[in-house]
Amino acid sequence: MPTHHIQVGVDTGGTFTDFLIRDGERYFARKTRSTPDDPSRAIIKVLADIAADEIVHGSTVATNALLERNGARTAFVTTEGFEDILEIGRQNRPELYNFFAASRPRLVPRNLTFGAPERILHNGSVERELTDEAIEALARRIREAGAESVAVCLLHSYANPAHERLLGNKLERLFVSLSHKILPEYREYERASTTVVNAYVSPLMDRYLRRLDQQLTASRLRVFQSNGGSISTRAAGHNAIHTVLSGPAGGVLGAAAVARSAGFNKIISFDMGGTSTDVSLYDNGFTYTTESKIGDFPIRVPMLDIHSVGAGGGSITYLDSAGALRVGPRSAGAHPGPVCYGEGDEITVTDANLMLGRLDPEQFLGGRMPLDIERTRSHMTSFAEFVGTSPDSLAKAIIQVANSNMERAIRAISVERGYDPRDFALLSFGGAGPQHACELAARLEMNTVIVPQHAGVLSALGMLSADCVRDFSQSTLGRNVNEVFTELEARASRDFAAEGLPQVHFERQIDLRYEGQSFEITVPAADRDRFHDAHRKRYGYDHSGLAVEAVTARIRAVAPLDKIDLDAPTQAETFSSVYIPPGWASCGDAAGNLILTKP
Amino acid sequence: MSGLNLELEVFRNIFLSIADEMGIVLRRTAFSANIKERLDFSCAVYDRYAETIAMGDHMPVHLGAMPFSVAEALRSHTIDPGDIVILNDPFRGGTHLPDITSVSAVFTADDPEPAYYLATRAHHADVGGMSPGSMPLAREIYQEGLRIPPVKLFRRGEIQNETLDLILANVRTPEERRGDLAAQVASHRIGERRLLAVTEKYGRGRISRQMDALKDYTERMMRVRLQGIFDGEYDFEDFLDDDGFGSPPVRIHCRLTIHGDQAVVDYSGSARQQRGGVNANLSITVAATMYCFRCLIDDDAPFNAGLLRPIKVLTKPGSVLDAQPPASVAAGNVETSQRITDTLLGALQKALPEQIPAASAGTMNNLSLGGIDPATGLPFAYYETIAGGMGARPTADGMDAVQNHMTNSLNTPVEALEHLYPLLMRRYAVRRGSGGEGMHRGGDGVIREFEFLTDTDFALLSDRRQTRPYGVQGGQPGQPGQNLLNGNPLPSKGHFTAGAGDRLTIKTPGGGGFGREGEMEP
């Protein structure tokens, strides 16, 4: 690889846009305020002085379109008689004991929902043909309704996609998302939801990427995905579902890259920000999930398994009606922010850290934002008087409660999946992480904490350690598994060749379960026997005598890309305040990471 | 302990995560669609007094009733380490026969007495009896299926194969039952491991103190809430359509008395126990009562034994809400429990007119079916409940097509159902216009239409086919439900047979409206 080559990882966040720039042998970080009305402005501004050859971009355009409900005008087509499946969902109510819970939101209004007169059975046979006339009529109605994007999810299309294809062919000039392509797996509601979310966010993403691409003429732009790999802008524009939640995925990738170069192969990454905390587990390899949800929408494409809880530095503390101390999930956000920012009056976790001297008031955000410790002290004192304790014990209790919330999140990704956290190091980043990492580690009996050199831009760094990765899957119910793998690999090769990436290798994985069960465990296809062990590890027992069935074949297609070398020289950054409790020892490693250990 | 307890939230998180983890293991390793797809199960942690400390957010109708199972298991047996007691007998700690509950004790090293108890409850898709799915319309409990008094499935870690064989010989789908019971056992093992780990970490004394504190905390929360309701007596009555054997509408009555920070709920004005299976035992009545009060306090408050301390429940033994053997009970848990909720909420509506919604669908629309699967030559048995409309809320319309009150089980995906059983789904839709009109509209019910692909026996236990979910403050009632076979009406409860090509259509009720239509919110 030529060393003068300049690569840039760009992570657009809510407040800041982070850059990690690799210029030949060295690398350095940049940070600028985000421009939410048009995220590309912040990028263009910084990249104006940098002749980047290649850019890997993690974008929040798709996530925001979903959360802010400003996606494309989307139509939904399904088998006649089942037009309401998105509305009914799984028929459960969101909150068990709350009469006032908000009704389920919807991305597709009723007048944009269409039934197709057709029926395919579970074995893929056609019970009712979808006629040409019916297709014409549907296509006309969809256009007349003014749809910009169309999601098609017909019953059992994973077993026989013929009717979805016919419909897709007739909907030219519209954005078309076909469920058998987005997620060829059974369970119609989850497949439909995933397909609709893709249809809803892709047109915005596509427009955004085209605009950005035009402005960055000299650079090759790639898009970072939530599975930890990157894809071309063209592919991303049509499959934007794969970019949802890519920001946190960048952090996990960056965490793993730092950990590996520092000699750790088992880490739990811990990203504590202002309003929420993301945790993920890395055990000589990433862990993935196909059971994500954003807001109320299930999204079943494979993503890095990241667990999020509503506890962060800005989480507000209060006393509830029966006298228990609670923290979050309400957050003071950036405005009014914690008491020490000078405006808010509700005590937050950040205030508790400041009170206990775990945060340096002069060094917050590199000294750009001095904190008002007197304000915090006086608020904390009156709250403590009210509850009859000292301000210090109150502050400690606040931190304990916040830590117990985060401990639950780490348990969810470790203990509940059969991993013992004591075998892992805790890699902490995000603004508030280093103040909590050691105590949190101690709660889980973990004895190593890593605070990386580039903790502030770890997600952007992660983007420069990504390969080009695409996941393909196909239901194998009633089919020959090897045939399915061959088909998937042929499809993946075509897609990668079209992107100019002929060097691709495949990882074959298969979802297995005991015949009659309904939850699968993914294991390497070459090592199916591992299933019994995996079942035992996860659930404490196995049924080794029972028949095992294959449910879904998965191909991960990987084209290796040139990646960042973290042993290369870099500009040192100042750490955010790290709290080191008694009994912990700290040292810096050669790459500038801080390693904390409890003997 | 009063005032501030700085650690309470920490321990609450710990106990809740144990109950959650038990639920994850049970769900993921179960074999019947009913548990793995529909989540018709619950897991809970109890203290040394066998009082509830933490329950996962599972099925409301299970959670309030499960302590009765733990108590009955303890009355019947000395539980040793490694033992697991199972039961389903409604007159000895159960609710209705398909719900099999397992109970174990957790021992710490230094104490011969149990330190904690664990329980799981799962609705098994078949436990024998006169119809597949074991939710028949019966006159006596003997017809409803295999009745399991508290028996040990495990003794000191050893499975009791004789007991298991006896059970499996009496059910239609024995291998599925074996797998589901194994999943329940695995759930106990996980719960035990976690409880012992936290005990080692924090010490038995500290754990016990915090368990006590959590119950006190919920009790305080409930008392504060009751204090905010005007003292007085509030009466309400509602009706089940019938008992399935031609009875007149079955009266459910409650008189709610609020006095300071206490409440008395007196159901003794309710009808006598019935011939058909709408009879509820006391544990169901308590569970439904507990649910209603639970909804009055914060959504994220811990749900434990403290909740009921300020509340007294009165029933008349031998009534439909406190049934005695040999009453049939299949629908008590799933239908009558909903009407108890409607009745108590109706009374609470009078006390808290701006906080309590109109009636929801008021039925779980239980469908159970089975026969011989032509593809395998083996018996199949399937059970589901179907959502309806939610009652309109004081501030918003009711939700369409959701599970209400005492259940929150999921649907079985159409694609999974068609893979597993000889059934074809023809329609699954929101039943437009079925919610009651009002300032806020009741939610709409559901239409679910099945085509049978082979000879199939099916049983329906449904309600609100004659009576309607009430509206409040001038809102209109929701539409009653309908059951149709090839377009011809079927009664709300009964047994039927169908052949290949027959179509069963179930239309579920809409919720009641809130306030007069056209009026504005005050």
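Mentor: Start with the sheet itself. Seven strands of chain B form an open sheet in the order E2-E1-E5-E4-E3-E6-E7, with antiparallel pairing. Strands here are DSSP runs of E with at least two residues, helices are runs of H or I with at least four, and both are numbered from the N terminus. Two strands pair if DSSP finds at least two bridges between them. The edges belong to strand E2 (52-55) and strand E7 (158-159) of chain B; each has a single partner strand, so one side of each is left without a neighbour in the sheet.

A word on the basis. This is a predicted model, in which local features need pLDDT of at least 70, side-chain atom pairs count only at pLDDT 80 or more, and totals for chains, interfaces and linings use all residues. Residues are numbered from 1 along each chain as its sequence is written, while chains are lettered from A and ligands numbered from 1 in the order in which they are written.

Strand E6 (residues 151-155) of chain B pairs with E7(B) in the antiparallel sense, over two bridges. There, B:Arg155 stands opposite B:Glu158 in E7(B).

A helix covers part of this picture. Helix H6 (residues 174-202) of chain B packs on the sheet. H6(B) touches strand E1 (41-46), strand E3 (84-87), strand E4 (99-106), strand E5 (116-123) and E6 of chain B. Contact means C-beta atoms, placed from the backbone, within 7 Å. The direction of H6(B) makes about 155 degrees with that of E5(B). Axes are lines fitted to C-alpha atoms, for helices over the stretch in contact, and angles run from 0 to 180 degrees between N-to-C directions.

In total, 57 residues of chain B are in contact with 51 residues of chain A. On chain B, helix H1 (8-29), H6, helix H7 (204-227), helix H10 (414-420) and strand E14 (423-431) each supply at least two residues of the side that touches chain A. H1(B) gives the most to that side, with ten residues. By class, the side has 27 nonpolar, eleven polar and 19 charged residues. Ala, Val, Leu, Ile, Met, Phe, Trp, Tyr, Cys and Pro count as nonpolar, Asp, Glu, Lys and Arg as charged, and the others, Gly among them, as polar.

Methods:
Contact = placed C-beta atoms within 7 Å.
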